[in-house]
Amino acid sequence: MALLRRTGYVNLSLGRCLEGHVNVVRLVELYGTPEQRRAFAQTLKSGILAGIWVTDGTPPVIIRQENGHYRLTGVKGFASGVKQVSLALITATNPQGHSIMLLAPTTEADRRRPGPGTLTGMQASGTGGYDFTDVIIPPDHLLGSTGDYLRQPEFSAGAWRGSAVALGAMDRLVDLFRQELLERGRAANPHQLYRIGEALILQKTAAMWVEQAAKAAYAPRMKPDDVVATVNLARLAVERAALELITIVQRSLGLSAFVKGKAVEQVMRDLMTYLRQPAPDEALTDAAAWFLDHDWPEDGL
Ligand SMILES: Cc1cc2nc3c(=O)[nH]c(=O)nc-3n(C[C@H](O)[C@H](O)[C@H](O)COP(=O)(O)OP(=O)(O)OC[C@H]3O[C@@H](n4cnc5c(N)ncnc54)[C@H](O)[C@@H]3O)c2cc1C
C-alpha cells in the first residue's frame, strides 16, 4: 500500500502502470501453475514492465484452438504503457463464450493502435490500443480456467490498489495546496483555514478506507461477499473524497489552479481522469444490497 500510494504521489500515470504490473503478479501468483509462476518470475527479473489489458476494443479479443496452439483475433482498447509493456495479461473469449486469461507478448510496434483517443488527463500513462490479430499463443501461456478473471473476491478486491494510487495523488494535492497558500500569504485567512481542515479530513478519510480495503483483500477469515462489498465502498469513498478535494482546491487557489503546466493543475487533471473506473453505480448498489442484511465485518479484519 505504501509503495502504490507513494508512486501515486510522485506521478499518477506511473502509479497506473505500476498498479497494472502488480495486478499481473498477483493473478499469476493466484492462478498460475508452479511452472508458470517460476517462468514469470524469471521474466520479471529481466526488468520488464507487465500490463493488464482486459478492456476490449473493436472487435473484442477472441481465442481459438488450432493444431496444438491458440490463435487470437481482435483488439484491446485501453492498454496502459502500450509502448513500454512487453508482456500483457489479457482476457480473450473462446467460441463457447467463456473468458480466459493468458499472457501475450506485446512488443510489436505495428500492432499498436490509438486506443480511446487523447484523454484530457493521464496522457503520460501512454494508454493506447493493441491489435492481437493472428498472435499465436502456446498452451502454457493460458492462465487458470475459464471464468477465473471474474472470480470473486479477487476480481473486485483488487480495486484497493487503484484506490491506493489515487490516495497518493490526493496526498500530493493537499501538499501543493498548503504550499501555495503559504507562499501567497493566504493560509491564515479563516475561510482558507476552514478549507484546509476539510481537505485534511478528506485525505485522512480516504486513507482509512484504503487501509480497510487492503486489509479486507487479504483477510483469510472474511466472507468473500464481505470483502467485495467493503472494497467496493472503499473505492467509491476514495473517489468521492478526491472529487471533493479537487473542488476545495479549485475554490481556494482560484484561477491559479487552472494554469496548464503547473503541478497542481496536472495532478487534478490526471486524478479526474484516473477516477473513472468501471461500473461505479453497480459497485455502490451491490455493496448497499449486501449490507442491507449483513453487519459490518469487523471480525475478519
Ligand atoms: C488512464 C487510464 C488507463 C487505463 N488503462 C487500462 C489498462 O491498462 N487496461 C485495461 O484493461 N483498462 C484500462 N483502463 C480502462 C479502465 O479499466 C475502465 O475500463 C475504464 O476506466 C472505465 O471507465 P468508464 O467511466 O468508461 O466506466 P463505465 O463502467 O462505462 O462507467 C461509466 C458510467 O456508466 C455506468 N454504467 C456502467 N455499465 C453500465 C451499463 N451496462 N448500463 C448503463 N450504465 C452503465 C457507470 O455506473 C458509470 O456511471 C484505463 C482507464 C484509464 C482512465
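Arg16 forms a salt bridge with Glu19, and their closest N and O atoms are 3.0 Å apart; a salt bridge here is a side-chain nitrogen of Lys or Arg within 4 Å of a carboxyl oxygen of Asp or Glu. Because Arg16 and Glu19 are three residues apart in helix 2, about one helical turn separates them. Helices are DSSP runs (H or I, at least four residues), numbered from the N terminus. The structure holds 18 salt bridges.

The model is predicted: local features need pLDDT of at least 70, side-chain atom pairs count only at pLDDT 80 or more, and totals for chains, interfaces and linings use all residues. Residues are numbered from 1 along each chain as its sequence is written, and side-chain values use heavy atoms, with hydrogens and water left out.

Of the 18 residues around the ligand, Arg16, Ser80, Arg276, Ala279 and Asp281 come nearest, a residue being counted if one of its heavy atoms lies within 4 Å. The side chain of Arg16 places an N or O atom 2.8 Å from an oxygen atom of the ligand. For Asp281, a polar side-chain atom lies 2.7 Å from an oxygen atom of the ligand.

The protein is divided into domain 1 (2-143) and domain 2 (154-292), with bounds from an automatic or database domain assignment. Their C-alpha centres lie 27 Å apart. The contact (heavy atoms within 4.5 Å) takes 20 residues from domain 1 and 20 residues from domain 2. Between them the domains bury about 1700 Å², 61% of it on carbon and sulfur atoms; buried area is the accessible area (1.4 Å probe) that two parts lose on being put together, summed over both. Arg5, Tyr9 and Leu12 supply 39% of the area that domain 1 buries against domain 2, more than any other three residues.

Across the interface of domain 1 and domain 2 the rule finds two salt bridges. Arg26 forms a salt bridge with Glu154, with the closest N and O atoms 3.1 Å apart.

On the side of domain 1 that touches domain 2, helix 1 (2-10) and helix 2 (12-31) each supply at least two residues. Helix 2 gives the largest share of that side, 10 residues.

Terms used:
A polar contact is a pair of N or O atoms within 3.5 Å; within protein, one must be able to donate a hydrogen and the other to accept it, and residues adjacent in sequence count only if both atoms are side-chain atoms.
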